[in-house]
Amino acid sequence: MNFHQVLTPRQNAEDFVHRIEGIIGTVALDCGCRERVNDALHRFAAMEKQRETRRHLLSSRQHRAAIAALVDLLAELEEISWQDSDRPVFAELAHLFDDIAEHAMRGAEDLRMMAAESPTD
């Protein structure tokens, strides 16, 4: 892994669990204790994956709400004419479309992350 690579929270949790497992592997624990520790680590990893999935869903819902609000602002487009003398209004409306595109891209990214995850991971 590149030192400067940015990890997602999910990757951080998985990396953390793997490091702990590596450390535990070097410690002399009886089989029952080692099994309980490994089970606890796997439950922790599963909970972190679920937390990350919920975060993606919440984020995609927030992007949808932002898009809905921006579409409402675009209603002004119906009230102006192509002959409107206030030309900067067209640039402002263009920015609204840009913002919608950005929110759509990020919302789609969140949903793709969820689609790539197995619910039983």
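**Figure 1. Contacts of Leu 77 in the predicted model.** Leaving aside neighbours within four places in sequence, Leu 77 touches Leu 93 and Phe 97. The model shown here and in the other views is predicted. Leu 77 belongs to the loop between helix 2 and helix 3. Its relative accessibility is 35%, so Leu 77 counts as partly exposed. Phe 90 is 13 residues from Leu 77 in sequence, and the two C-alpha atoms are 8.5 Å apart in space.

**Figure 2. Ala 75 in the loop between helix 2 and helix 3.** Is Ala 75 buried, exposed or partly exposed? Ala 75 has a relative accessibility of 40% and therefore counts as partly exposed. Its C-alpha atom is 9.8 Å from that of Leu 93. In sequence, Ala 75 and Leu 93 are 18 residues apart.

**Figure 3. The largest nonpolar core.** This core has 7 residues: Leu 70, Leu 74, Ile 80, Val 89, Leu 93, Leu 96 and Ile 100. Helix 3 gives the most to the core, with 4 residues. In soluble globular proteins, nonpolar side chains tend to be buried together. What does Leu 74 touch, not counting residues up to four places away in sequence? The residues in contact with Leu 74 are Leu 93, Leu 96, Phe 97 and Ile 100.

**Figure 4. The packing of helix 2 against helix 3.** Two packed helices are described by the angle between their axes and the distance between the axes. Helix 2 covers residues 31-73 and helix 3 covers residues 88-116. They pack at an angle of about 160°, and their axes are 8 Å apart. Helix 2 is therefore roughly antiparallel to helix 3, because an angle over 145 degrees counts as roughly antiparallel. The two helices cross in a left-handed way.

**Figure 5. Residues where helix 2 meets helix 3.** On the helix 2 side, the residues in contact include Thr 53, His 56, Leu 57, Ser 59, Ser 60 and His 63. Further residues of helix 2 in this contact are Ala 66, Ile 67, Leu 70, Val 71 and Leu 73. From helix 3, the contact includes Leu 93, Leu 96, Asp 99, Ile 100, His 103 and Ala 104. Arg 106, Gly 107, Asp 110, Leu 111, Met 113 and Met 114 of helix 3 also take part. How many residues of each class are in the contact of helix 2 with helix 3? There are 13 nonpolar, 7 polar and 3 charged residues.

**Figure 6. Leu 57 and Arg 61 in helix 2.** Leu 57 has a relative accessible area of 30%, so Leu 57 is partly exposed. Between Leu 57 and Met 113 there are 56 residue positions in sequence and 9.6 Å in space, C-alpha to C-alpha. Arg 61 is exposed, because its relative accessible area is 53% and the cut-off for exposed is over 50%. The C-alpha atoms of Arg 61 and Leu 111 are 9.8 Å apart, while in sequence these residues are 50 apart.

**Figure 7. The protein as a setting for the close-ups.** The protein has 3 helices and 0 strands. From the N terminus on, its elements follow the order α-α-α. What share of the 121 residues is buried? Buried residues make up 19% of them. Among contacts with a separation of 6 or more, 61% are between residues 24 or more positions apart.

Key: Residues numbered from 1 in each chain as written. Predicted model: local features only at pLDDT ≥ 70, side-chain atom pairs only at ≥ 80, totals over all residues. Heavy atoms only, no water. Axes fitted to C-alpha atoms, helices over the stretch in contact; angles between N-to-C directions. Parallel < 35°, antiparallel > 145°, perpendicular 65-115°, else oblique. Left-handed = near helix turned anticlockwise from the far one by under 90°. Contact = heavy atoms within 4.5 Å. Nonpolar A, V, L, I, M, F, W, Y, C, P; charged D, E, K, R; others polar. Core = buried A, V, L, I, M, F, W, Y, C linked by side-chain atoms within 4.5 Å. Buried < 20%, exposed > 50% of the residue type's maximum accessible area, 1.4 Å probe, protein only.
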